[in-house]
Amino acid sequence: MSQRFTLAALTLIALLRAAPAAAEPYLAVLEGYKCNVCHVNPTGGGLRNGFGTTYAKVLLPAETLGNSLDAWSGKLADRLRVGGDLRADWARVTAPHSSSQQAFALEQFRVYADLIVIPDRLGIYVDEQVAPNGSQNAEAYVRYGNTTDGFYVKGGQFYLPFGWRLQDQTAFVREVTGINMTTPDKGVEVGYEHAAWSAGLDLTNGAANAASGSGYQVTTQLVYTKPVWRVGIAGSSTKSNAGDRRVGGLFAGLKTGPIAWLAEGDIVHDDSLGRTLAAGLVEGDWRILQGHNLKLTAEYSDPDRSVHNNQQTRYSFVYEYTPLPFLQLRAGYRHNFGIPQNNQQNQQLVLFELHGYF
Amino acid sequence: MKRFPTAVRGSTGMPAFRGGVAFCVLLVAACAGNGAGLDSNGRPLVPGGTQPPPLAANFESIQANIFTPICTVCHAGGSAPVGLRLDAAASYNLLVGVPSTEVPALLRVKPGDPSNSYLIQKLEGHAAVGAQMPYGCPNTQPCLTASTIAFIRQWITDGAPPAVAVAAAGVAAAGLNGSMAVTAIVPGSMESLSAPPPQIMIAFNHELDVSQLATHTVHLERVVAGTMPAGIERVPARLSVSSANLRALMIWPSYPLSAGHYRVVLDAGSSADFSDVAGRTIALGTAGENGETVISTFDVEVTQ
């Protein structure tokens with residue numbers, strides 16, 4: 001135990017840089033699960049299914065509450081499952097040559113619902129962000145087929161599957177690809193789940209075509225999952241009036257003892273920008289004890305491969321403590337490094353977050 | 001506090017140690033750029049060029065100090081959220097007078113009325129829909145300060161005019177009460193670019209009647225140096241008008257422009273082509289020898 005704490009302390013001192021990138025996929029890597037083991041959505045994120053709810057009650061927190069939560073499974077009725085996530089923060093951001101900003105903020109309150117019309121075959125899923133500000137629909141789609149073993153089809157508005165579905169939407173790999181959980185898209189998805197394989201093919205409008213009424217986006221992803229490792233490949237092509245865009249990505253996960261490693265590398269070519277961009281992420285999640293997770297993240301971004309000396313890096317250190325079921329406390333520090341003449345690219349962040357979910 | 005069952009904790013510490021070493025190596029290996037030869041937005045410095053102007057209540061300054069360095073992290077290219085591109089080539093015409101996607105009853109920028117401009121509401125964090133911008137503020141990056149937003153408010157209060165250089169390029173714009181007029185061209189006239197523009201945008205004061213547009217209406221030409229008189233090459237390009245903004249005509253070169261001097265030209269007799277649904281036609285400036293009207297020129301200095 002003391003060796004582990006020593007290693008953690010040394011790593012922290014060595015970095016003196018890190019912060020909050022909150023990814024939940026590390027749990028899947030640690031446990032060797034596919035996304036659909038814990039989530040209603042086979043591509044991950046959002047509403048937890050029955051097993052996911054049980055996992056959140058029993059395996060995730062430092063202290064379980066005995067039988068007092070037995071009645072809660074996420075189901076309001078036989079055919080209706082609900083859930084939610086609320087994140088409230090206090091953050092302090094410091095950039096060179098400018099005064100610090102600090103504030104309490106409600107980052108998000110989302111509610112999810114899944115109506116099972118025909119068991120194991122037909123469902124309707126909704127993900128609604130109800131705060132801050134007014135309500136905004138994130139996902140709303142009809143799902144037909146078997147999401148655990150076989151083919152399924154989704155139609156409506158949903159997030160596209162591409163790489164690691166991180167909670168931190170400002171991660172370089174999510175910003176650079178433009179495929180993240182801030183920009184749902186409308187269209188259809190055909191997916192396939194069988195044994196270690198997960199595959200998806202999406203035909204959607206494309207974010208840049210939201211108001212143009214023209215263009216389209218094709219996105220595909222293939223993931224192979226084994227108990228201690230997984231690898232995935234993803235690609236996307238967008239046709240738009242703004243210019244065509246092509247994105248490719250590789251991502252992988254590995255479990256070494258109590259540590260889950262996540263890695264992703266993406267490359268983007270955008271005709272409208274006339275640039276090729278690249279981004280990478282390496283994340284280590286060390287589950288020190290049940291309910292305690294130390295997350296270290298290193299990120300890299302090259303906003304234009306043809307320009308030298310413009311790269312950005314970002315290091316994050318986050319401690320996540322889950323004392324009780326459905327309650328998580330997070331504290332983190334992040335240091336951005338970029339070109340010295342840009343203050344935004346060199347800011348530091350301290351964050352404390354309260355995360356409630358059900 | 002519970003320990004993990006053995007099966008969950010894993011085996012020995014050695015694999016974790018090796019993984020940790022690899023992780024640390026990656027951390028050390030990744031280095032940020034030193035910024036040499038770049039402006040504050042990370043773009044190559046143009047010989048004789050200048051750093052972005054200090055923040056002021058004009059579009060050129062707001063673009064250089066806010067939209068380009070902050071907003072285009074996401075709002076650029078073929079994945080721009082809600083189709084809103086805030087790069088210099090597109091931002092003005094996708095902001096001013098354009099209904100917002102999230103609340104179509106509000107214009108993104110309503111000239112003269114900052115409080116009812118959706119841009120301001122999103123930046124100040126009281127928009128009816130969605131997150132405050134820049135995305136992640138104040139959790140992962142600073143929000144724009146009130147003093148910074150004040151410059152944008154003032155620009156909108158002043159009528160949200162385009163950049164001075166761009167406005168000056170609108171040779172057909174002057175004194176045209178009620179008629180069609182060019183209000184902006186990007187790249188701006190006499191502008192010198194360090195990289196080829198992916199498109200050229202011509203903005204109008206009224207929505208175009210696209211049924212009147214012809215493929216020859218406007219074109220892009222490269223002036224070939226070293227010949228007397230200078231030779232002219234027409235650059236293959238396509239024209240488009242987005243249904244999201246009928247006030248902007250885009251010219252898309254078929255290939256990246258090489259270094260050289262370029263001009264945007266309206267064909268002879270194209271006056272009737274640029275009309276709105278009310279039949280108002282554009283008043284062109286002085287035509288050249290062959291009846292063409294050059295409405296903008298710019299240089300590309302490819303540095304890569």
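In this predicted model, the bridge partner of B:His261 in β9(B) is B:Asp299, while B:His261 of β8(B) is also the bridge partner of B:Val223. Another bridge in β8(B) links B:Val264 to B:Leu220. Strands here are DSSP runs of E with at least two residues, helices are runs of H or I with at least four residues, and both are numbered from the N terminus; two strands pair if DSSP finds at least two bridges between them. The two pairings that involve β8(B) are set out below.

| Strand | Partner | Bridges and direction |
|---|---|---|
| β4(B), residues 218–224 | β8(B), residues 260–266 | 6 bridges, antiparallel |
| β8(B) | β9(B), residues 293–300 | 7 bridges, antiparallel |

These strands belong to an open sheet of 5 strands in chain B, ordered β2-β9-β8-β4-β5 with mixed pairing. At the edges stand β2 (191–193) and β5 (231–235) of chain B, each with a single partner strand, so one side of each lacks a neighbour in the sheet.

Chain B as a whole has 7 helices and 9 strands. Of its 304 residues, 42% count as buried, which requires 20 or more other C-beta atoms within 10 Å of the residue's own, with C-beta atoms placed from the backbone.

Residues are numbered from 1 along each chain as its sequence is written, and chains are lettered from A and ligands numbered from 1 in the order in which they are written. Because the model is predicted, local features need pLDDT of at least 70 and side-chain atom pairs count only at pLDDT 80 or more, whereas totals for chains, interfaces and linings use all residues.

Definitions and conventions. Buried ≥ 20, exposed ≤ 12 C-beta atoms within 10 Å, placed from the backbone.
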